[in-house]
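Welcome! Let us look at a protein model together and ask what lies behind the terms used to describe it.

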Amino acid sequence: MDSEKVTRKYYSKLISLPNIRILFSIDALETVLVALRGFEIGTLFFYSFLLYFVSLLIILGKRIKTTLTLISIFSAIYLILSLFPIPYVFIFGTFIPLVNYSLLVDYNEKISITLASIASLIPSIILAKLTILGIIYVLAVGISSYAYISLINRKGDKIIGISSLKIIRPFLRALSYNRNSELEDFLDKISTPTILNILTVKINDKYLVLPQIHFGMYGDIGSSKFPYQVEEFLPNSLVFHGPGSHEIDITSSKESKRIAKELLNTRFEKANFSGITQEIYGGFKFTALNFDKFTLSFVERPSKGIDDLPGALWRDMISTNNFLVDCHNESLVGEIGRKEYVTLKNYIYSKSRYLGNKKLKIGHAEGEVNCEGLCSNKVKVLSFYSIEEEKKASIIYIYANNACHGLRERIEGSLSDLTNAILVTPDDHSCTAMSFGNLYQPATVCEELISKSRELVKESLEKMEDVKDIEFGITKVKTRVVGKVISSMVEGLEKVGGFAMKTFWIPIILPYAILIVFLFIHEIIKI
């Protein structure tokens, strides 16, 4: 199951609220309309509205934008229902489910529904318009809303072993309040102890780093900033994305930084360059830097894209010293399944490293662009030239979470007369999920990036220098990762999310169905 695709699917359903100025203007206009309506049918109509507004402000605390949004929706409903002879407590009661949904970010299910119900009762209590039937109505709506949330929780508990809201709440709190520590604490509780491998290649003063770490969850959480953290300790470095997905996310940014610092203690051994090879194999395109003791192959999948290679490939890579870099340079179209895994595994075991010692030159250049989809404006180019073979390969490294279709082809095409260009992104999650709405934006087809890539490649080729020193080392680190539970969480998101998207309207509509019944009873009692 494609975790990124599933997460994007349901994350995109979250609503991005308008700014406070717009909401305040809408609420001010609607409040005036409520006041004018109050002059027609009685001032208690307006006073009840104000009491409800204050009640929501109190129970929602600092979430002013959420309160203003709820009031803007409620005002419209309040005005419409005022056209009918409905007691105020019934009108406020219809809004319990929406208020309950908003409170679930901060409170457990019982407290949320209790506060939502109390807010609905307060105007009638203070204005002495509360009836037994009104109390029963509020309780009926509250119980139906609580029953729906309990059903959602049970579905999550059945799939994952953890109730749905216990999983979702830390993510929403981190996103709503930047309470990242709560989410990292949650991740740590469900995490798995493990030992990870990190390949570090030193060529002159440049470092190529391939960690058995996925750069997630998002923002500042977990190991999202790992490439940037490595650069703090190894300034002349490129950090690549290897096989594996969110199951090898580090649980906290602090732990991620500790691991990055450990690379300073890497034990290196000498290696000799053995040539550059390029081949198409099973739908994958491989460009390999060959050394006598290891290989580093850059993996692309033209037209179908890659969104995380199978993590099990690390066992094969460590046992053979043949390493794969997931270039992550084209949005996924076709899933990577068992067949693709076997293809990649066969490539690893068939890879012959030693082709005889050869001379290598490298050149480096950096620049900046302003293009959509980049987490950093910096662009890095590292070019390799195998002298005897007269082969060139250039890595164009951008800080993005994948790339839109067309960008890879455009960059390759613009550089075909100079070098074999390889667009690489580290699957950068540092700028994903920073606001409600779309989960992330891959690097777009940007003319400025295409022209800057050519400029930087030319510069790197002009600055070529002989390689005098090649070393590599594999560092093993003990840490904790999110682990396989992430697969269960994604499965749970797909099943529970699918159910919720199909049924979320039920508890919102149900109060109006119950209202009709209670109004009928209310009329009978009056008769």
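Predicted model: local features only at pLDDT ≥ 70, side-chain atom pairs only at ≥ 80, totals over all residues.

Q: What makes Glu390 buried or exposed?
A: Its relative accessible area is 63%. Exposed means over 50%, so Glu390 is exposed. Glu390 also has a positive phi, about 55°, without being a glycine. You will find Glu390 in the loop between β10 (374-386) and β11 (391-400).

Q: How do you know whether Ser386 is buried or exposed?
A: Ser386, in strand β10, has a relative accessible area of 0%. That value is under the 20% cut-off, so Ser386 is buried. Leaving aside neighbours within four places in sequence, Ser386 is in contact with several residues, among them Phe273, Ile276 and Leu360.

Q: What makes β12 and β13 edge strands?
A: An open sheet of five strands runs in the order β12-β11-β10-β9-β13, with mixed pairing. β12 (420-424) and β13 (465-466) each pair on one side only, and that makes them the edge strands.

Q: How do you know that β11 and β12 pair?
A: Two strands pair if there are at least two bridges between them. Five bridges join β11 to β12, so these two strands pair. They run parallel, and Tyr397 stands opposite Val424 in β12. Helix α16 (residues 447-462) lies across β9 (360-368), β10 and β11, running at about 145° to β9.

Q: Why is one side of β3 and of β4 left without a neighbour in the sheet?
A: A sheet with the order β3-β2-β1-β14-β4 is open, and its pairing is mixed. β3 (237-239) and β4 (269-270) stand at its edges with a single partner strand each, so one side of each has no neighbour in the sheet.

Q: What makes β1 and β2 a pair of strands?
A: Six bridges join strand β1 (residues 192-203) to β2, and at least two are needed, so the two strands count as paired. They run antiparallel, with Lys202 opposite Tyr207 in β2. Helix α13 (residues 313-320) packs on the sheet and touches β1, β2 and β14 (470-481). α11 lies across β1, β2 and β3, at about 160° to β3.

Q: Why is the contact between Asp106 and Arg63 called a salt bridge?
A: The distance from N to O is 3.0 Å. A salt bridge needs a side-chain nitrogen of Lys or Arg within 4 Å of a carboxyl oxygen of Asp or Glu, so this pair qualifies. The pair links distant parts of the chain, with Asp106 in the loop between α6 and α7 and Arg63 in the loop between α3 (43-60) and α4 (64-81), 43 residues apart. Arg63 has a relative accessible area of 12%, which is under 20%, so Arg63 is buried.

Q: What ties together parts of the chain at Glu447 and Arg410?
A: Their side chains meet in a salt bridge at 2.9 Å, N to O. Glu447 lies in helix α16 and Arg410 in helix α15, so the pair ties together parts that are 37 residues apart in sequence. Glu447, at 48% relative accessible area, is partly exposed, and Arg410, at 36%, counts as partly exposed too. The structure holds 23 salt bridges, and a network of salt bridges links Lys285, Glu330, Arg408, Glu409 and Glu412.

Q: Why is Ile136 called partly exposed?
A: Its relative accessible area is 41%. Ile136 belongs to helix α8 and to a nonpolar patch on the surface, whose members include Ile125, Leu130 and Ile143. Together the patch residues have about 740 Å² of accessible area. The largest share of the patch, five residues, comes from α8.

Technical notes: Residues numbered from 1 in each chain as written. Heavy atoms only, no water. Patch = residues over 30% accessible without salt bridge, like charges linked within 9 Å, V, L, I, M, F, W, Y side chains within 5 Å. Areas by Shrake-Rupley, 256 points an atom, 1.4 Å probe, with all protein chains shown as cover. Helix = DSSP H or I, 4+ residues; strand = E, 2+ residues; numbered from the N terminus. Buried < 20%, exposed > 50% of the residue type's maximum accessible area, 1.4 Å probe, protein only. Contact = heavy atoms within 4.5 Å. Axes fitted to C-alpha atoms, helices over the stretch in contact; angles between N-to-C directions.
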